[in-house]
Amino acid sequence: MEHDTLLSARGLTLHFGATPALVDVDADLWPGEVLAVVGESGSGKSTLLNVLSGRLAPDAGVAWYRDPAGALHDIHAMPAPALRTLHRSDWGFVHQNPRENLRMAVTAGGNVGERLMARGSRHYGDIRAAAISWLEQVEIDADRVDDLPRTFSGGMLQRLQIARTLVTHPRLVFMDEPTGGLDVSVQARLLDLIRGLVRRLGIAAVLVTHDLAVARLLAHRIMVMQRGRVVESGLTDRVLDDPRHAYTQLLVSSVLGA
Amino acid sequence: MNVASGYNFAYLDEQTKRMIRRAILKAVAIPGHQVPFGSREMPLPYGWGTGGIQVTAAVLGRDDVLKVIDQGADDTTNAVSIRRFFARTAGVATTTHTAEATVIQTRHRIPETALRQDQIIVYQVPQPEPLSRLEPSREETRRMHALADYGLMHVKLYEDITRFGHVSISYDYPVMVDGRYLMAPSPIPAFDNPKMDRMAALQLFGAGREKRIYAVPPYTSVRSLDFDDHEFRASRAPHACLLCGATDSYLDEVVIDDQGGRMFVCSDTDHCEGRRDGT
Amino acid sequence: MAYVAVKGGERAIDNAHAWLAEARRGDPAVAEIGVDQIEAQLGRAIDRVMAEGSLHDRGLAALAIKQAQGDLIEAAFLLRAYRTTLPRFAASAPLDTEAMQVRRRISAVFKDLPGGQVLGPTTDYTHRLLDFALAAEGIAPPRAPRADVTDETIPSVNAILAHEGLIERDAGSSGEEPADLTREPLAFPAGRDVRLQALARGDEGFLLALGYSTQRGWGGTHPFVGELRVGEVGVEIVPPELGFAIDIGDVSLTECQMVNQFAGSRSVKPQFTRGYGLVFGHAERKAMSMALVDRAMRAAELGEDATAPAQNIEFVLYHCDNIEATGFVEHLKLPHYVDFQSELETVRRMRADADAAAIREAAE
């Protein structure tokens with residue numbers, strides 16, 4: 001690639017007691033690119049997401065983020081206020097369970113508007129208009145703007161979480177199994193939506209999933225993890241069509257066999 | 001030692017007063033920031049003004065003139081009780097006239113008469129944490145203050161406007177102090193909020209049970225939270241005081257019979273009497 | 001006019017206090033109760049007031065109970081307010097509860113153990129039948145059998161378990177001055193010293209309910225009473241001008257060592273863990289509840305899930321003090337009519353808006 005990476009990590013290592021969760025992991029993410037981290041549960045992929053987003057500190061290794069002005073930041077050496085600011089403006093985090101991120105006692109509009117208000121927006125009409133526009137972009141009816149999320153279906157909740165996350169136009173979004181726990185038909189629609197939004201807005205994303213079909217649909221590149229190590233990485237089509245590592249081959253064949 | 005009471009001047013021992021004054025100085029230095037302090041057990045129950053009493057005790061000198069109000073009035077029972085407490089333990093002069101007082105301890109009101117630079121107003125605070133109803137954990141709210149992470153408070157206002165067309169908070173209406181700290185003004189009616197902005201007097205806040213002191217130094221900006229297109233409005237009952245005819249003061253609604261009869265009178269008794277005496 | 005009644009003023013307060021004094025005395029035809037009688041015959045009330053009032057003084061506790069008409073929280077409040085005015089001469093050396101002059105000492109984990117099971121003056125095995133003989137005054141109880149006082153110290157059950165390494169070690173003294181909640185406000189994370197102090201001063205009923213909740217599955221810890229002992233312990237101080245310890249008197253204490261299961265973690269082998277309770281006076285219910293809640297609050301430290309109320313340190317510590325709680329609950333009696341007035345205006349406005357909207361809708 002020509003230009004500089006948005007996010008880079010070198011030598012990330014983390015143990016939970018005697019269990020290695022990450023072993024010497026390197027990663028690079030370029031602007032506008034979607035990187036899928038795949039593996040079975042316990043492979044360390046969610047831990048990697050938490051370390052890259054600064055929610056967990058590694059035992060060893062570094063991770064940098066390049067801000068819009070081009071300056072590099074060591075994610076784990078940043079002061080807490082700066083990291084918090086990143087998390088509510090330049091970055092986004094989409095959880096597998098939208099209830100972890102949404103305020104269930106606050107209207108859909110308030111949920112979408114919160115990040116705008118945290119960033120200093122003080123015009124009610126503008127905030128509401130932005131909320132409505134985002135609801136429409138995630139295919140939620142505008143007249144649901146004053147409804148509480150508890151009246152929403154699982155798929156709608158996930159789309160509301162995405163609207164809440166993208167409203168500040170983040171450059172980088174971390175996604176943890178965004179389609180997990182949803183019906184297959186709902187999943188397909190959601191994947192379509194995410195793919196469209198990410199392409200249109202030029203968002204870079206680190207996507208953790210155990211589902212190779214999700215990775216194939218959304219990701220430009222793939223990293224395969226097993227027991228805390230990256231065993232294979234490369235362009236999505238190459239890795240999935242021509243897997244070289246035995247573990248990747250096993251993953252791919254088990255999907256095909258199923 | 002005060003002969004009549006057998007206690008030190010203004011009840012608290014000098015070491016304790018010094019500790020409270022240090023907390024006050026810190027609070028003045030960081031306007032709107034809640035400073036933890038070693039709140040003492042007082043002979044009045046928590047929630048009845050123990051924080052305000054400790055702050056007053058720490059700033060009171062022998063030449064001070066003390067005024068104590070509750071709900072704007074000098075003759076409410078709790079105001080009487082606290083005024084007596086200081087008359088007994090400090091022997092200072094007391095007054096009901098706002099203009100004569102050097103220290104004013106208050107619960108739930110700010111006097112209508114504008115305060116001066118040589119006065120201190122001490123607020124009794126039941127709950128110093130403005131975010132407490134939105135986030136119960138103090139560990140988390142402290143973090144939110146440290147990072148000026150106040151989006152949640154605005155979400156509350158957004159929700160109110162969405163549901164009711166206006167902000168439904170009518171007292172203890174949250175304010176931003178000096179553009180940095182979100183602060184609870186104590187349960188004064190929102191009507192009184194504008195009086196806090198650039199007030200000439202030093203404003204001190206004491207919360208005994210929650211063990212916090214905070215302050216607004218003279219001439220400091222105090223802004224009630226709002227939206228550009230839904231500006232803060234101070235509201236009062238749309239009547240004139242039956243006793244003095246004031247149309248700009250905060251009013252108490254007094255039930256005069258069981259047929260729905262009502263009358264409205266100034267909540268600030270000193271202000272009302274002054275207007276009637278023509279002073 | 002009703003207005004006058006609300007703004008009571010000076011005379012109303014004086015009159016109320018006069019009536020209170022009269023009500024406290026009760027029927028003048030009945031002999032006045034003596035502070036000495038309260039101290040001698042209502043010992044468990046004295047114990048509770050001393051514990052929650054944080055002041056070990058039986059005479060003052062008796063006076064407070066009399067003044068409070070037997071309202072024990074009010075009496076503890078009187079003691080607290082008095083205590084705060086007292087000068088501090090010295091901090092005692094750590095108490096040695098192993099050297100307790102034991103009145104009662106039981107263990108539920110060993111049938112017999114060094115020092116033996118000592119039932120002492122317990123109600124545990126009484127039948128709760130109202131004893132109408134007590135209503136008749138002047139009947140002296142039969143003399144209880146006597147035994148010789150021994151000077152031998154009774155080893156704690158923990159010391160016995162510790163020999164095999166089966167129970168976590170005593171943390172020992174860090175050498176740091178323990179925190180004092182009565183001087184410094186609560187801050188988080190709160191160390192175990194602060195937590196134990198808060199619990200020792202905390203409300204018996206609140207801790208009882210929380211301790212009970214852990215037994216019913218809200219943060220279970222599989223507790224056993226390793227040992228419960230009640231008795232007198234000497235208090236020593238080391239005056240700087242002397243440089244050696246001198247005994248300044250005894251305090252009555254109840255101590256509970258609760259033994260709890262622990263599955264072990266990555267770094268620690270499975271072993272028993274401890275919950276600790278120490279309370280002024282004879283207060284077994286309080287000491288046991290305290291030990292249960294102390295252990296529950298250690299959940300996070302021991303790598304357990306902290307989801308139940310008793311495991312939430314902030315929740316427990318902020319709400320266990322009954323002097324703070326009673327003040328704030330009862331302050332609702334103070335006038336709030338300025339706030340209520342502003343709420344009235346808001347509700348009226350909202351109702352008017354709702355009416356207007358309904359009319360608009362009907363018109364459409």
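These legends accompany close-up views of a predicted model. Residues are numbered from 1 along each chain as its sequence is written, with chains lettered from A and ligands numbered from 1 in the order of writing. Local features need pLDDT of at least 70 and side-chain atom pairs count only at pLDDT 80 or more, whereas totals for chains, interfaces and linings use all residues.

**View 1. The two domains of chain A.** Chain A is divided into domain 1 (1-90 + 170-258) and domain 2 (98-169), with bounds from an automatic or database domain assignment. Their C-alpha centres lie 25 Å apart, and 13 residues of domain 1 and 15 residues of domain 2 form the contact, which is counted where C-beta atoms, placed from the backbone, lie within 7 Å.

**View 2. Helices H3 of chain B and H2 of chain C.** The axes of H3 (residues 77-89) of chain B and H2 (residues 9-25) of chain C come within 9 Å and cross at roughly 80°; helices are DSSP runs (H or I, at least four residues), as strands are (E, at least two), numbered from the N terminus. Axes are lines fitted to C-alpha atoms, for helices over the stretch in contact, and angles run from 0 to 180 degrees between N-to-C directions. The two helices are therefore roughly perpendicular, a term for angles of 65 to 115 degrees. B:Thr77, B:Val80 and B:Ser81 meet C:Gly9, C:Glu10, C:Ala12 and C:Ile13.

**View 3. Chain B against chain C.** Here 48 residues of chain B are in contact with 41 residues of chain C. On the chain B side, H3, helix H4 (138-146) and strand S11 (251-255) each supply at least two residues.

How values were computed
Contact = placed C-beta atoms within 7 Å. Parallel < 35°, antiparallel > 145°, perpendicular 65-115°, else oblique.
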